[in-house]
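Have the picture ready and follow along.

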Amino acid sequence: MEIDDNFAKKIAVITQQQGFLYEQAICCEQLCQKICEKNFNLLIIDENIKEILNTDLIKNFLTTSLVYPPIIIITKQNSIPIRNLCFDSGIIAYFQKDDFNEFRFIQYLQAIKTEHNYVTLIKTIRIAVIDDDYFSLKFLKSFFLCLKQKM
């Protein structure tokens, strides 16, 4: 969610150059509506951080063992309590607009894209285990079934 149009354009260009599609939401309600309508691989939030982090939808993302989609905060606010709230909530990155590090932001985008590609690969991979030990087979079966349920 981004309100500063010039900065939003900059973020749009960077994210699109890294292979992401960019959609802008101008208010918390619009953000929630978009999230309900389709799946996103990344959320970048600027304005109304406290309000957004307190919505039931975002709280649901943040209460899972793996925060998905990952959330990045980019803000003008220089508030230690908000920063702590973000990191305590599972936000992966917190950027200050005044000291925005484009290179670091791109590194986060690349890491998220790589992780998404690996998750997609794991979801589609077929594994054959050849072992005559009953315990090993039972353990591997339960491991992969558990892994499949979490995806």
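## The largest pocket

By class, twelve nonpolar, eight polar and five charged residues line the largest pocket. Here Ala, Val, Leu, Ile, Met, Phe, Trp, Tyr, Cys and Pro count as nonpolar, Asp, Glu, Lys and Arg as charged, and the others, Gly among them, as polar. The lining has 25 residues, and those nearest the pocket's centre are Leu21, Tyr22, Glu23, Phe40 and Leu42. Two or more lining residues come from each of helix H1 (5-17), helix H2 (28-37), strand S1 (43-45) and helix H6 (102-124).

The volume of this pocket is about 530 Å³. On a 1 Å grid over the protein atoms alone, a pocket is an open set of points where a 1.4 Å probe fits, with protein on both sides within 12 Å along at least five of seven lines; lining residues have an atom within 4 Å of a point. Points are joined across faces, edges and corners, and the volume is the space filled by probe spheres set on them.

## Ground rules

This is a predicted model, in which local features need pLDDT of at least 70 and side-chain atom pairs count only at pLDDT 80 or more, while totals for chains, interfaces and linings use all residues. Residues are numbered from 1 along each chain as its sequence is written, and side-chain values use heavy atoms, with hydrogens and water left out.

## The whole chain

Seven helices and three strands make up the list of elements, and from the N terminus they run α-α-β-α-α-β-α-β-α-α. Both kinds are DSSP runs, numbered from the N terminus: helices are H or I with at least four residues, strands are E with at least two.

Of the 151 residues in the chain, 34% are buried (under 20% relative accessible area, with a 1.4 Å probe and protein chains only). The chain exposes about 10,100 Å², with 55% of that supplied by carbon and sulfur atoms; areas come from the Shrake-Rupley method with a 1.4 Å probe.

Start with Thr15 in helix H1. Thr15 is buried, because its relative accessibility is 3%. Leaving out residues up to four places away in sequence, Thr15 touches Phe20, Tyr22, Ile44, Phe105 and Leu109 (a contact means heavy atoms within 4.5 Å).

Next comes Ile58, in helix H4 (residues 56-62). How much relative accessible area does Ile58 have? The value is 0%, so Ile58 counts as buried. Beyond four places in sequence, Ile58 touches Ile35, Leu43, Ile52, Leu53 and Ile71.

Finally, Gln96 belongs to strand S3 (residues 93-96) and is buried at 14% relative accessible area. Its side chain makes a polar contact with the side chain of Arg83 at 3.1 Å (a pair of N or O atoms within 3.5 Å; within protein, one must be able to donate a hydrogen and the other to accept it, and residues adjacent in sequence count only if both atoms are side-chain atoms).

Technical notes. Buried < 20%, exposed > 50% of the residue type's maximum accessible area, 1.4 Å probe, protein only.
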